[in-house]
Amino acid sequence: MSRKQSTPTSLKLALAALLCACGLLLSGWAGSAGAQTITVYHFNPESHSDRNLVLKNTFDQYFQVSHNIELQPVDDRSTFEGLIAESPPSLFIMSDWQFHQLEADRKDLIPYLRGLKDNNDTFHKLLIGKGPLSPQHATVAVSGTDDYVYSLLGKMRLNTAPLPMQQLRLLTVPKDIDALLAVSFGMADAALATENSYEKYALLYRNEYQQLKVLGTSQPQKRLVVALFKQHLPALQSALDALVDMDQTPNGQLGLKLLGLDEWTQLKTTRHEGGQP
């Protein structure tokens, strides 16, 4: 008479554990495959894009600790505005200047968060040089895009004669500090820089700073905004919350610093409620 061989209890337990582990792994794959990554697009005409890779890596390290979110820097304005034209369920970090360029045609695009630096949501750009500029021609070192710079210079309160806008030459550099250095070393006649950058320059390059003077001051400029399409607000709330919490962690603080900010604050009055950002 044949005798059935019994499976040892320890082997049964091992097989059960293996099947359970496989089930959890498969369910994890299914969950991650089904989860929709939220993309945060960023373009800022007020600054140069040479640090986009550093910016992306820093933001992604912050986001991916507990969020399914990624930052996607964009190199040029036309690509950025092309993405906005598709009305995706995404967030857009942009300059206040650019938001107001878009708002007339995109009434459903709303500003939700505003950046702060030193508890202030505005800043000034300064025109800085060694002396009065030539009325015939001048080279201005800048870290922003041409369209933004010309718009800013055209409305600037000047301490000298009007700028020769038709003969103006722009020298694009990575950062405001580089623009100021270009003036100090004779590569440009003037530089555009924020007040914070000018103060930092005074600490880093004391002798060079003493040769410079403020030639003009911009109107108050609002800091960066985070905008989205109103219909996508519920789906993007978790990403908005993640941005608001950035100042609570070292990686988040570093990401904010790369944007020239200390924190994000929710706008009290937004356009879809009948007000202005």
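On a 1 Å grid over the protein atoms alone, a pocket is an open set of points with protein on both sides within 12 Å along at least five of seven lines, while a cavity is a set of points where a 1.4 Å probe fits but cannot get out, and lining residues are those with an atom within 4 Å of a point. This is a predicted model, in which local features need pLDDT of at least 70 and side-chain atom pairs count only at pLDDT 80 or more, whereas totals for chains, interfaces and linings use all residues. Residues are numbered from 1 along each chain as its sequence is written, and side-chain values use heavy atoms, with hydrogens and water left out. The secondary structure of the protein comes to 10 helices and 14 strands, where helices (H or I, at least four residues) and strands (E, at least two) are DSSP runs numbered from the N terminus.

- Of the 14 residues lining the second largest pocket, W97, K155, Q219, P220 and Q221 are the closest to its centre.
- Two or more residues of this lining come from each of α4 (96-102), α5 (146-154) and β12 (221-222), and α4 gives the most, with four residues.
- The lining of the second largest pocket divides into four nonpolar, six polar and four charged residues; here Ala, Val, Leu, Ile, Met, Phe, Trp, Tyr, Cys and Pro count as nonpolar, Asp, Glu, Lys and Arg as charged, and the others, Gly among them, as polar.
- The largest pocket holds about 1000 Å³ of space, and of the 33 residues that line it, R51, K257, L258, L259 and G260 lie nearest its centre.
- At least two residues of the lining of the largest pocket are supplied by each of α2, α6 (176-184), α7 (195-204) and α10, and by class this lining has 11 nonpolar, 11 polar and 11 charged residues.

**Helix α10**

- In α10 (residues 250-258), G252, G255 and L256 are buried, meaning that they have under 20% relative accessible area, with exposed standing for over 50% and partly exposed for what lies in between (1.4 Å probe, protein chains only).
- These three residues cover an arc of only 100° around the axis, which puts them on the same side of α10; the arc is that of the directions from the helix axis to the C-beta atoms.
- The face of α10 turned away from its buried side carries the exposed residues P250 and K257.
- Among what covers the buried residues of α10 are α2 (52-63) and β14 (263-266).
- After α10 comes G260, whose phi is positive, near 75°.

**Sheet and cavity**

- Six strands form an open sheet of mixed pairing in the order β8-β11-β6-β10-β7-β9, where two strands pair if DSSP finds at least two bridges between them.
- Strand β7 (residues 138-142) pairs with β9 in the parallel sense over five bridges, and V142 stands opposite T172 in β9.
- V142 is also one of the residues that line the largest cavity, which include E46, K125 and D176; about 30 Å³ of space lies in this cavity.
- α5 gives the most to the lining of the largest cavity, with three residues.

Note on methods
Contact = heavy atoms within 4.5 Å. Points joined across faces, edges and corners; volume = space filled by probe spheres on them.
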